[in-house]
Amino acid sequence: MSEESKTLPLYPKALLQQHNSKNDCWVSVNYRKIYDATDFIRQNPSMSQAILEYAGKDIAQALKDKVFNKQTTAAYEILKDSNLVGYLATEEEERKLLTNEKHTVEVKLCDSDLTKFVKVLPSEEKLLVRTDFRNDLQKHKFLDLNKPLLKQLWNSNFTREFYIDQIHRPRHYGRGSAVLFGNFLEPLSKTAWWVVPMLWYPLVFYFLAKAAKNLSAPLVIALFIFGIFVWTLVEYSLHRFLFHVDNHLPESTVVFTLHFLLHGFHHYLPMDKYRLVLPPALFIVLCTPIYKLVFLMFPYYWACAGFAGGVFGYIGYDMTHYFLHHHKLPPFMRKLKKYHLEHHYKNYELGYGVTSWFWDKVFGTYLGSDAPVAKMKYQ
């Protein structure tokens, strides 16, 4: 068992008790973890009254009562899907809170080592627990998360086998982002999710408008949909044959560093919010040859409509990828979220589709419930 920590507020019991209404409902579990159940109540009105009886109180025993037995799965969704907002302070911790200007302390949780691939996906709250940086370095002898990562990788003498083994073992930085460059390039390495639609939707509308002025509406729609469909194959192919070239990398620290920038970082720190979507510069590099090929193969206005669909598909991919990692999703998308997170935490050599698993099934890389766990070659 390794000790990992997660920095969240500690709340006194009196404050928990204040969150006791339909529009602001908190509950604690075993008088320790505090969850916000407000969204769950809105989405499950049939259970709202039963839960509201425990608003501002501990709900652990209630989850075992007859009130919830009829809807056990739904009841536990409170814990799985609602935000873990903090921890209920003990009497001793409450005294510390009174002398702590920021009114937060670091809560230490003993948990399993999440750098090991697992058959069953960890609960979402575990994916927010910060890796113990010192223990991770001592145990795995890979990168020090307290220092700029690229410089360490550039100056390393890791073998390809060791590098590939280590980058696919998920670590969690906690709040914020790990230092990648450690210089003026650091801000340029981060991209917020909303930058993707803001930059590229105008491009979609531009090409779509050009096509619409010169082609019939049914043809434009058909080509646009065809472009989206082609994108799904491009998405799968890039992820499998470029991002996961893994075992075919040359034995070179320069290549490892480039690979780390391209996709290795995302598997090493999969819950980093600002290094998850493709940076605009990288998208332009990857998109340019596709753009040239499309306009070479098809009549100009046909290419405009098809390319617009392809870019639209890419935007959907990047936004879907972000939300699969960082947002609560409606029931019909939870299977897709589980599927993608299992690519990170169960077997990175399967499950290359992000917006769907269609091409995984076509090419035999579907990550099903009976899929094997990725093998670890080092400690």
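Biologist: Quick check on terms: buried means under 20% relative accessible area, exposed over 50%, and partly exposed in between, with a 1.4 Å probe and protein chains only. How many of the six residues of strand S3 are buried?

Modeller: Five of the six, so S3 (residues 24-29) is mostly covered. Strands here are DSSP runs of E with at least two residues, helices are runs of H or I with at least four, and both are numbered from the N terminus. This is a predicted model, in which local features need pLDDT of at least 70, side-chain atom pairs count only at pLDDT 80 or more, and totals for chains, interfaces and linings use all residues. Residues are numbered from 1 along each chain as its sequence is written, and side-chain values use heavy atoms, with hydrogens and water left out.

Biologist: OK, which strands does S3 pair with?

Modeller: With S2 (residues 20-21), antiparallel over two bridges, and with S4 (residues 33-36), also antiparallel, over four bridges. Strands pair if DSSP finds at least two bridges between them. Asn20 is bridged to Cys25 in S3, while Trp26 has Asp36 in S4 as its partner and Val29 has Lys33.

Biologist: What sits between those strands?

Modeller: S2 and S3 make a hairpin with two residues between them. The hairpin of S3 and S4 has three, and there Asn30 takes a positive phi near 55 degrees.

Biologist: And where does S4 go on its other pairing?

Modeller: To S5 (residues 83-88), running antiparallel and joined by four bridges. Asp36 has Asn83 as its bridge partner in S5. As a general point, side chains in a regular strand alternate between the two faces of the sheet.

Biologist: Switching topic: which stretches does UniProt list as transmembrane region?

Modeller: The unreviewed entry lists 191-208, 215-233, 253-269, 276-294 and 300-324. UniProt positions use the numbering used here, feature names are shortened, and annotations may be inferred rather than shown by experiment.

Biologist: How much helix is there in 215-233 and 276-294?

Modeller: Residues 215-233 are 89% helix and 0% strand, with end C-alpha atoms 26 Å apart. For 276-294 it's 79% helix and 0% strand, and the ends lie 27 Å apart.

Biologist: Where is His172, and what does its side chain touch?

Modeller: His172 is in the loop between helix H9 (160-167) and helix H10 (195-214). Its side chain makes a polar contact with the side chain of Tyr345 at 2.7 Å. A polar contact is a pair of N or O atoms within 3.5 Å; within protein, one must be able to donate a hydrogen and the other to accept it, and residues adjacent in sequence count only if both atoms are side-chain atoms.

Biologist: Why does His172 count as buried?

Modeller: Because its relative accessible area is 3%.

Biologist: How many aromatic pairs are there?

Modeller: The structure holds 40. In one of them, Phe158 and Phe162 have ring centres 5.3 Å apart and planes at 45 degrees, so the pair is tilted. Rings of Phe, Tyr and Trp (its six-membered ring) pair if their centres lie within 6.5 Å; planes under 30 degrees apart are stacked, over 60 edge-to-face and the rest tilted. Phe158 is buried at 16%, and Phe162 is buried at 11%. Both belong to an aromatic cluster whose members include Phe142, Phe260 and Tyr378.
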